[in-house]
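Q: I'd like to learn how to read a few local features in a model. Could you walk me through them?

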Amino acid sequence: MNDNPKPGGLSDGDILRCLIDGSIKLTPYSTDDAREVLAFREDFAKFQKQQLAAEEIREIDPSHKTAVALNKMLQPASIDVVLDKTITRFNSEEFPSVKPWEEQIGLTYQQIIEQGETFILQPDHFILGSTFEHVTLANNILARFEGKSSLGRIGQATHITAGFVDPGFQGNITVELKNNNELPIELKPGMKIGQFAFERLDREALVSYGETTIGSHYQNQRESTPARFDDFHLTDVYEDSNTNP
């Protein structure tokens with residue numbers, strides 16, 4: 001184990017080592033899962049370099065289902081995540097507009113996609129979903145949520161602006177889903193919806209996400225979480241323009 005890991009983007013091996021040392025926690029995967037996958041991938045890398053015979057590769061126990069899943073979801077520098085069963089919809093029949101600076105009770109409501117069913121996202125419609133996976137980041141690790149290219153090629157946007165996850169964050173990731181296709185798109189719980197890429201900072205953040213001093217709104221969020229606009233900031237741009245013609 002490297003005691004002085006370099007800052008920058010994390011490879012698959014780096015992600016696994018972070019899952020082992022706890023600087024990244026990603027439910028449902030355990031440290032044992034990460035150890036098993038790391039052993040397999042390190043042996044496979046040696047095999048590719050002709051440093052190890054095929055029969056010497058430490059295989060993942062097929063009965064160890066979460067380890068098998070982790071290896072399948074882990075990409076060279078990211079890890080795939082899937083859609084949970086809860087979505088949040090907007091009550092467009094009762095609200096003519098969204099006003100971010102004031103509370104609008106009843107603006108959104110949750111819906112459960114029942115087992116065996118799908119949610120049909122109509123063209124140009126927008127909903128909130130959530131990752132099934134729960135992530136916890138150390139104070140020197142950040143994450144970026146990115147969409148899957150296969151979904152992008154059918155017009156499915158999986159985040160609009162909120163792809164950045166700060167150091168210290170804990171919770172499921174709310175994903176912003178919009179259908180840019182001319183056809184409806186069916187969404188099914190458990191389908192791949194995006195991927196996490198991770199970066200290590202060269203030093204820990206002085207104040208991590210979740211501290212009340214910086215007004216973190218979504219620490220420990222579960223399921224799809226609507227926007228929270230309490231303590232919404234407004235700068236008086238009119239006063240500024242009057243005093244500085």
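A: Happy to! Let's begin with a term: a residue counts as exposed when its relative accessible area is over 50%, and as buried when that area is under 20%. Keep in mind that this is a predicted model.

Q: Is Q50 buried or exposed?

A: Q50 is exposed, because its relative accessibility of 75% is over the 50% cut-off. Q50 sits in the loop between α2 and α3 (65–73). Its backbone is worth a look too: Q50 is not a glycine, yet it has a positive phi of about 60°.

Q: Which loop holds D124, and what is its phi?

A: D124 belongs to the loop between β6 (119–121) and β7 (126–137). Its phi is positive, about 70°, although D124 is not a glycine. With a relative accessible area of 56%, D124 is exposed.

Q: Which peptide bond is cis?

A: The bond from T27 to P28 is cis, with omega near 20°. P28 is in the loop between β2 (24–27) and α2 (31–48).

Q: How many aromatic pairs are there?

A: A pair of aromatic rings is described by the distance of the centres and the angle of the planes. Here the count is five aromatic pairs. One of them joins F90 and F126: the centres are 5.8 Å apart and the planes are at 40°, a tilted pair. F90 lies in strand β4 (residues 86–90) and F126 in strand β7, so this pair ties together parts 36 residues apart in sequence. F90 is partly exposed at 30% relative accessibility, and F126 is partly exposed at 32%.

Q: Which residues do ring pairs link into a cluster?

A: That cluster is made up of F40, F44 and F47.

Methods:
Residues numbered from 1 in each chain as written. Predicted model: local features only at pLDDT ≥ 70, side-chain atom pairs only at ≥ 80, totals over all residues. Heavy atoms only, no water. Helix = DSSP H or I, 4+ residues; strand = E, 2+ residues; numbered from the N terminus. Buried < 20%, exposed > 50% of the residue type's maximum accessible area, 1.4 Å probe, protein only. Phe/Tyr/Trp six-rings, centres within 6.5 Å; stacked < 30°, edge-to-face > 60°.
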